[in-house]
Amino acid sequence: MFAYITRRIGMMLLIIGGSSFLSYNLMAYSSNPLSVFGESTQKNKAFLIKQMIRELQLDVPPPVRFFLWLRGAVAGLWGHLDLGKTRLGFPVLEVIGRAIPITFRLVIGSTILAIVIGITIGMITAIRQYTRFDYSMTFISFLLFSIPIFWVAVLLKLYLAISFNDFLLNPTIPPQVSIGFGLVAGFIISGIIGGSRKMYFAIFAGASVVVAGLLEIANVTNWFLQPGLGIVGIGVLAFGIAVVIVQLSTGLANKRSLTAGLATAGFVTLAYYPFQLILGKNAGILAVFLIFSISIFAACVIGNFVEKIDKKVNIRTAVLTAFLATLPILLDRFMQVFPEYYNSDGVHGRVVPTLGQATDILTDAQRNNFWFSGLDLLMHLILPTLALTLISFAGYVRYSRASLLEVLNMDYIRTARAKGLNERTVIMRHALRNAMLPLTTILVNDFAGVIGGAIITEKVFGWKGMGSVFNQALGNYDLNLFMGVFILGSVLTVLANLVADLLFGVVDPRIRIRK
Amino acid sequence: MFGKKKVKSQSAETTGTPATRETEGLSQGQIIRQKFFRHKVAVFSLFFLIFLTLLVFSSSGIHLGTDTHPITVHGWWPLYILDIDPVGALESTCNGGMTGCPTMDLIPSFIDGSPMGFGAHPIGSDDIGVDWWALVTRGAEQSLTVMVIVGALGIFFGTVIGAVAGFFGGIIDAILMRITDMFLVTPTLVLGGVIGSRFGNLGVVPLAIMLGLFAWMGLARFVRTEFLTLREREFVDAARVAGASNRRIIFKHILPNAVGVIIVSGTLLLSGAILTESALSYLGFGVKAPDVSLGLLISNYQDSFIVAPWLFWWPGAFIIAIALSINFIGDGLRDAFDPRQIRTIGKAVKVKSPKKAKA
């Protein structure tokens, strides 16, 4: 194993070296930094040209100059990484170091969302193959697959952000819109659950009425301006999450698991008020960690004491429930600052911004308030995250659908069904795991492709991350800056490939890594 | 030829379903064609794409060559992207006071009083009075050109490199795959940005050629995997025992069986090429003014979306129409080439047979 990894890392270094040589020369030969002087009439033009040639070492031919650059980069292996200076004189490392967190903030949320939603929908369409739900989702994913992200972004800005902000001026949803939302929700939910024709329409009607009713309640209580979940909302969500998790992992017939899940949900609901004390006005990220650890610890205790048999399964169910049920409490806490946020000077009631990564004009008090600044970040993330998610989730729907369909045709699935296992066990235990195998490679590689994905999104939404650094590098013929972006991207890709291979060996015992 | 037969007889033996009756006596190509034509959406997309291509190229004409030595074939649309018609744009002012509104009126006169017709600028004109149809068709022409060139180069290099690596294996495979990895680690847009910033102003053909030279890696990997499995099959051994040369084995025995993989990932490459080109032009690294591309048009007029929505909808609609039909065609081809996908045929037979019994 160790030998394998060392060999792989050696190979990685060679590949990165080769590809950076290639792109260094490509960039060096394709751009001419001296062209800025082309039409210059300055008297000291000759001097300026000479100065630039000396600064950028333009007298050294690019293939040789690459090795001057490489010396600094290779020093990174023993901790003295030096990627040179940008054209404006800042160290490349510093510029990139400042940009990375912003890009990751942008991309990680949307990547995770796209993976979770995409794989879920893909798997459901595979299970409900050739149904109306399958056809509509397939069409939607094809459509999203063919849309340029900058086009979606403009539509989202107008139809989502601006209309929602206008809507907040007078936040009542007209009845026909509520009914429309209700019908769409009914179609989706009944399509997912499926069942006989009678069942389908019952679920369709039920879901439509519930969603339309919820929107009407939101109207009456002025929820959109004073959002919150309250202990009732948390309770409903927590018990709902518990039931779904128990149903998916062990089935509702397993009373021990069900007890553990419901008890955990009850605990989280009761903990709502105590948690409010922890998540006070001056709380920070530590408080968030604290409430999650309390919930999870409590879940372990509950899972341990609920029954003597099957402890492991009970604890797993309880911990999952606890984690997912604590998330709404956090959401509720952010919602509590919403009225304050809505009325603050920097926002002026336009809560969904279309540009930028944070509101510039926050007072110090607001900036230091974890909840206020956190809500600000979340609001700025909504549009870019949605745009990136919409574009990339289509791919996951296609891949996971194809992969699960292939697995469902396998002999061992027929065996599992033939020996009398119920559909839940067949899907969750036998099919899902095997269908996930080919997806791991795609998942890991997508995490590495973040920089490419961010370039356009950042430009559309005016963020200052890796994408804008890259644009700046190309616009200014900034070779060192460009190589900084490049090396980060390629190292991520190569590392992701290594992780994917290692992970593949772990999830699939049939694949052994050669020693 | 032997390889093809092998695959066919195998599928007939193993399925043993009603599909057998229908596949009997059909060549592999016929089965694939039949399966493809059953995929209604794919067939529709194919015809739609052909129609769109003809429409776009015939309306805008062909414009190649340099500024000093242009090679021009005029299209049937009277205006070109360099013709400015501010008067016409002023005449077609719509309710908001915005000039250059679409003059197309598809509602018959007995409903809204004004007669049906296209007018001088059916889908409007831009802020200086250039006909939008001329711009959008020219942009679509560029996109299609990029798509074809990138696709052709990508498929050619991908197939050759993948085939050589997969067939010969050993040290050749190792070297070729490391080179593939070397190209693969560079994010596409980063590479495209560098290429575009240098070749974008030369026109779309050099840009497409350069992009095509860096578009073969994914396909090469797929083809290699396919070749690795196919070269172990019995029919390859049989051919070798019969004394066939490497060349003959590759072209006559393995390649026909790998065509499915090549075509399917080729279509992915095509739709990817369209989106890459529009993204590059949007970022300003692709096609440069005065020439246009769909991405550039969207980038230029995205801010005037509220006052002049046609400037935003039409270029986007063309990109989506092209990419979507390519994706659907690819889906149809994948179903057609997948030997395990016998469900469509089996299903069709099942539906048919009880009717026959009744009659």
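Start in helix 7 of chain B, which covers residues 132–168: Glu141(B) and Arg138(B) both sit there, three residues apart, or about one turn of the helix. Bear in mind as you look that this is a predicted model. The two side chains form a salt bridge, and their closest N and O atoms are 2.7 Å apart. Are these two partners buried or exposed? Glu141(B) has a relative accessibility of 4%, so it counts as buried. Arg138(B) comes out at 5%, which puts it in the buried class too.

Back in chain B, look for Asp181(B) and Arg221(B), whose side chains meet in a salt bridge at 2.8 Å, N to O. This pair ties together distant parts of the chain: Asp181(B) belongs to helix 8 (residues 170–184) of chain B and Arg221(B) to helix 11 (residues 217–230) of chain B, 40 residues apart. Asp181(B) is buried, with a relative accessible area of 12%, while Arg221(B) is partly exposed at 32%. If you're keeping a tally, the structure holds twelve salt bridges over all chains.

Next, turn to the place where the two chains touch. How many residues does the contact take from chain B and from chain A? Chain B supplies 43 residues and chain A supplies 41 residues. About 3,900 Å² is buried between the two chains, and carbon and sulfur atoms give 77% of that area. On the chain B side, Val185(B), Val194(B) and Tyr282(B) lose the most area to chain A; together they make up 15% of what that side buries.

What about polar links between the chains? The rule finds one salt bridge across the interface of chain B and chain A, along with two residue pairs in polar contact, both at pLDDT 80 or more. Several elements give two or more residues to the side of chain B that touches chain A, among them helix 8, helix 9 (188–199), helix 13 (246–283) and helix 16 (343–358) of chain B. Helix 15 of chain B gives the most to that side, with twelve residues. Sorted by class, the side of chain B that touches chain A has 26 nonpolar, nine polar and eight charged residues.

Asp331(B) forms a salt bridge with Arg398(A), the closest N and O atoms being 3.6 Å apart. Asp331(B) also has a partner in its own chain: a polar contact of 2.8 Å joins its side chain to that of Arg334(B). Put together, Arg398(A), Asp331(B) and Arg334(B) are linked in a network of salt bridges. Leaving out residues up to four places away in sequence, Asp331(B) touches Phe142(A), Arg398(A) and His39(B). With a relative accessible area of 11%, Asp331(B) is buried.

Finally, the rings. A search of the whole structure finds 35 aromatic pairs over all chains. One of them is Phe21(A) with Phe66(A), an edge-to-face pair at 5.1 Å centre to centre, with 80° between the planes. This pair also links distant parts of its chain: Phe21(A) is in helix 1 (residues 2–30) of chain A and Phe66(A) is in helix 3 (residues 62–74) of chain A, 45 residues apart. Phe21(A) is partly exposed, at a relative accessible area of 32%, whereas Phe66(A), at 2%, counts as buried.

Phe36(B) is buried at 9% relative accessible area, and Phe37(B) is partly exposed at 43%. As a last stop, go back to chain A, where ring pairs link Phe21(A), Tyr24(A), Phe66(A), Phe67(A) and Trp69(A) into a cluster.

Notes
Residues numbered from 1 in each chain as written. Chains lettered and ligands numbered in written order. Predicted model: local features only at pLDDT ≥ 70, side-chain atom pairs only at ≥ 80, totals over all residues. Heavy atoms only, no water. Phe/Tyr/Trp six-rings, centres within 6.5 Å; stacked < 30°, edge-to-face > 60°. Helix = DSSP H or I, 4+ residues; strand = E, 2+ residues; numbered from the N terminus. Buried < 20%, exposed > 50% of the residue type's maximum accessible area, 1.4 Å probe, protein only. Salt bridge = Lys/Arg side-chain N within 4 Å of Asp/Glu carboxyl O. Contact = heavy atoms within 4.5 Å. Buried area = accessible area lost by both parts, 1.4 Å probe. Polar contact = N/O pair within 3.5 Å; in protein donor to acceptor, adjacent residues only side chain to side chain. Nonpolar A, V, L, I, M, F, W, Y, C, P; charged D, E, K, R; others polar.
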